[in-house]
Amino acid sequence: TYVQEQYGTLPWYPWPEYPEHCPLRVQATGKWYGIVMTIPAQLLGVKQPGNLDILNVKLPPDQVESLCDRLRFFPAYHMNKKYWLTVVLDGTVPLAQVQQLLAESYDLVTSKKKK
């Protein structure tokens, strides 16, 4: 609901075999600024049973590197680890910070590069 109200992003579930994966796309360009997924915790190297809800966002490489703590923030699952960050959505990252990271990712993929 938040990304729909804030960015006009409509839910999109392109993979019937992965109904819990929802890429977040800029409506005008189709560029991804995030993806929400539910994955096995072990895929992030977390030693716990079960699944984790995660959000991948695109950020500048220095920010990705500085945030990665392998507790709440991880090198991106199934994305370019230089430019994408995985955020665990288990309540340990404050909602305001998740929203800020979404805003930064959205701005990054919608800003035009200056020549």
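Biologist: Leaving out residues up to four places away in sequence, which residues does Thr-9 touch?

Modeller: Bear in mind that this is a predicted model. A contact here means heavy atoms within 4.5 Å, and by that reading Thr-9 touches Val-3, Gln-4, Leu-24, Arg-25, Gln-27 and Tyr-33. As for its own place, Thr-9 sits in the loop between α1 (2-7) and β1 (22-25).

Biologist: Is Thr-9 buried or exposed?

Modeller: The general idea is a threshold, since buried means under 20% relative accessible area. Thr-9 has 2% relative accessibility, and therefore counts as buried. Its side chain also makes a polar contact, at 2.5 Å, with the side chain of Tyr-33.

Biologist: Where is Thr-86 found, and what does its side chain reach?

Modeller: Thr-86 is found in strand β5, and its side chain reaches the backbone nitrogen of Tyr-77 at 2.8 Å. The relative accessible area of Thr-86 is 0%, so this residue is buried. Setting aside neighbours within four places in sequence, the contacts of Thr-86 include Leu-44, Ile-54, Leu-55, Phe-73, Phe-74 and Tyr-77.

Biologist: What should I make of the phi angle of Arg-70?

Modeller: The general idea is that most residues other than glycine have a negative phi. Arg-70, although it is not a glycine, has a positive phi of about 60 degrees, and this residue is found in the loop between α2 (61-67) and β4 (73-75). His-78 is another residue other than glycine with a positive value, its phi being near 65 degrees, and His-78 is found in the loop between β4 and β5 (84-88).

Biologist: Are Arg-70 and His-78 buried or exposed?

Modeller: The cut-off for exposed is over 50% relative accessible area. Arg-70, with a relative accessible area of 54%, is exposed, and His-78 counts as exposed at 64% relative accessibility.

Biologist: Stepping back to the whole chain, how many helices and strands are there, and in what order do the elements run?

Modeller: The protein chain has three helices and five strands, and read from the N terminus its elements run α-β-β-β-α-β-β-α. The radius of gyration is 14 Å, close to the 13 Å that the globule rule gives for 115 residues, so the chain is as compact as a globular protein of that length. Along the principal axes, its C-alpha atoms fill a box of roughly 45 × 35 × 25 Å.

Biologist: What share of the residues counts as buried, and what makes up the accessible surface?

Modeller: Of the 115 residues, 36% count as buried. The accessible surface comes to about 7,200 Å², and 53% of that belongs to carbon and sulfur atoms. As for charge, the chain has 12 positive and 10 negative side chains, with the centres of the two sets lying 12 Å apart.

Key. Residues are numbered from 1 along each chain as its sequence is written. This is a predicted model: local features need pLDDT of at least 70, side-chain atom pairs count only at pLDDT 80 or more; totals for chains, interfaces and linings use all residues. Side-chain values use heavy atoms; hydrogens and water are left out. Helices (H or I, at least four residues) and strands (E, at least two) are DSSP runs, numbered from the N terminus. Buried means under 20% relative accessible area, exposed over 50%, partly exposed in between (1.4 Å probe, protein chains only). A polar contact is a pair of N or O atoms within 3.5 Å; within protein, one must be able to donate a hydrogen and the other to accept it, and residues adjacent in sequence count only if both atoms are side-chain atoms. The radius of gyration is taken over C-alpha atoms; the globule rule is 2.2 Å times the number of residues to the power 0.38. Accessible areas come from the Shrake-Rupley method with a 1.4 Å probe; for residues, only the protein chains shown count as cover. Lys and Arg count as positive and Asp and Glu as negative; His and the chain ends are not counted. The place of a charge is taken as NZ of Lys, CZ of Arg, CG of Asp or CD of Glu.
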